[in-house]
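Please report on the charged and aromatic side-chain contacts in this protein. Keep it brief and arrange it by topic.

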Amino acid sequence: MGRDVPALVFTREDRRRYRVKMQECLDAFAKMLREARFDSERPQVGLEIELNLVDDAAEPAMRNSAVLDAISDPAWSTELGRFNLEINVPPRRLTAGGPDAWESEIRAALDHADGRARTVGARLITVGILPTLRQEDIGEETLSENPRYRLLNDQVFAARGEDLRIEVDGVDRLRTYADSITPEAACTSTQFHLQVSPEEFADYWNAAQAIAGVQVALAANAPFLFGKELWHETRIPLFEQATDTRPQEIKVQGVRPRVWFGERWITSVFDLFEENVRYFPALLPLCDDQDPAETLDRGDVPELGELTLHNGTIYRWNRPVYAVSRDRPHIRVENRVLPAGPTVADTLANGAFYYGLTRALVEEDRPVWSRMSFKAAEENLHSAARYGMEALLYWPGAGEVTAPELVLRRLLPLAHRGLERSGMDAAWREPLLGIIEQRCVAARNGAVWQKEMFHHLIDTTHCSRHEALRRMTELYIDYMHLNAPVHTWPVD
């Protein structure tokens, strides 16, 4: 969904042609898989970070166009809301240059962008949901200027036929309606990409699904929405509801949601793209001129434009990606479960844990997904989103245990092993996974710090809830720039 699209109205003929083209793309993709036409000799990892913009008082700043102009770097792009931006960090080999080089590169990019943003009255913050965001900040006028967002909004509501219902029960209760998809803009995430061979894709996707709950429990960073204290990772239920094209009657018929964990372990990447075509009507039926079969027959690489555009409007927590780079096609797993922030150090620690653990699980003699129901993995995700570090997660051979205990006793050694097998020596592994270890020992992530600081400010200053959230956000930004891992942040 990252491409630009024109503002237009779709006809029945557009939808019919798009359905035909998607099937043609799917057939071409199947042929490419059979003939092993994919680049997998130089696997790379990638990273996208979504950010929020705030003003000098840590309130939302609806200035992403001005900030983008000030940054003037193609690595940066708009996101759904005017208070959002995204950076696409260039892909690299996992061990190229070492973690310090990657951290320095990312911090330099963020610091430069923050400096440019300040020239137009804005600052950057990496957080799962901006704590100072109010319900009145969210509306159709909040959509970014790019026509693709308004088009997507119109298509979601055309399919749905009624306003969105947002319901989340946590410490507080949220009940509200939305007449646009802009509540989705409140959700800002970190997305890890992992290029794999077609033969390995299913195992890596299954492994990523199996650990999604663990990832969220460790890294939850979105406990507040519209002034209410909700789930530790409120971004998960909010995103699921804010893009739901189904009215209630369609839900009870069992129609799949567009934000989807899935319903089964897979045996091929083809399974996921086939499900996309089979289960989901097109939101943006835009056809290009390329004939994928003819392109293959003459020895060229098809873009599979309709298939990839459709894939971009189905928001799996672990999404398959087909792309063409330097005239070579590749596939990758896009891991989408984690919130943004709090710091670059935390982000890279989360990445090391994810990349190392998935590799170790893939190489086990008896894979975890053969010993664990798919439903248990999905329940882990929602339990982790609701309770964070305190969530009880199911794991084969361990039963139900807290995330810190599961990670310290079982998963952290596996993550070390996976990184070692990937060529990362102990001097590089220890600092990264040491952050995960100490986060577990302290049982403190971004959500815990936000909640504790919020209540500390309420108790000691007796200010309003919004003022406490505003002051907490200002402190968050200060600590974020220090780049000390969040488990070390003080509450005083």
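## A negative patch

Glu 141 sits in the loop between β4 (123-125) and α4 (147-160). Helices (H or I, at least four residues) and strands (E, at least two) are DSSP runs, numbered from the N terminus. Glu 141 is exposed, at 56% relative accessible area. Here buried means under 20% relative accessible area, exposed over 50%, and partly exposed in between (1.4 Å probe, protein chains only). Areas come from the Shrake-Rupley method with a 1.4 Å probe, and for residues only the protein chains shown count as cover.

The model is predicted: local features need pLDDT of at least 70, side-chain atom pairs count only at pLDDT 80 or more, and totals for chains, interfaces and linings use all residues. Residues are numbered from 1 along each chain as its sequence is written, and side-chain values use heavy atoms, with hydrogens and water left out.

Glu 141, Glu 162, Asp 163, Asp 179 and Glu 249 form a negative surface patch. Patches are made of residues with over 30% relative accessible area and no salt bridge; like charges are joined within 9 Å, and nonpolar side chains (Val, Leu, Ile, Met, Phe, Trp, Tyr) within 5 Å. Lys and Arg count as positive and Asp and Glu as negative, while His and the chain ends are not counted. The place of a charge is NZ of Lys, CZ of Arg, CG of Asp or CD of Glu.

## Salt bridges

The structure holds 37 salt bridges. Each is a side-chain nitrogen of Lys or Arg within 4 Å of a carboxyl oxygen of Asp or Glu. One of them joins Asp 297 and Lys 31, at 3.4 Å from N to O. Asp 297 belongs to helix α10 (residues 292-297) and Lys 31 to helix α1 (residues 12-34), so this pair ties together parts 266 residues apart in sequence. Asp 297 is exposed at 59%, while Lys 31 is partly exposed at 24%.

Arg 92 and Glu 105 also meet in a salt bridge, at 3.6 Å from N to O. Arg 92 is in strand β3 (residues 84-92) and Glu 105 in helix α3 (residues 98-118), so the pair ties together parts 13 residues apart in sequence. Arg 92 is buried, at 11% relative accessibility. Glu 105 is partly exposed, at 33%.

## A charged network

Glu 167 bridges to Arg 165, with the closest N and O atoms 3.0 Å apart. Salt bridges that share partners join Arg 165, Glu 167, Asp 169, Arg 173 and Arg 175 into one network. Glu 167 is partly exposed at 37%, and Arg 165 is partly exposed at 28%.

## Aromatic pairs

How many aromatic pairs does a search of the whole structure find? It finds 20. Rings of Phe, Tyr and Trp (its six-membered ring) pair if their centres lie within 6.5 Å; planes under 30 degrees apart count as stacked, over 60 as edge-to-face and the rest as tilted.

Phe 192 and Tyr 355 have ring centres 5.8 Å apart and planes at 75 degrees, so they pair edge-to-face. Phe 192 lies in strand β7 (residues 189-196) and Tyr 355 in helix α12 (residues 344-362), 163 residues apart. Phe 192 is buried at 1%, and Tyr 355 is buried at 4%.

Trp 449 and Trp 489 have ring centres 5.0 Å apart and planes at 90 degrees, so this pair is edge-to-face. Trp 449 is buried at 0%. Trp 489 is buried at 4%. Elsewhere, ring pairs link Phe 29, Phe 38, Phe 273 and Tyr 322 into a cluster.
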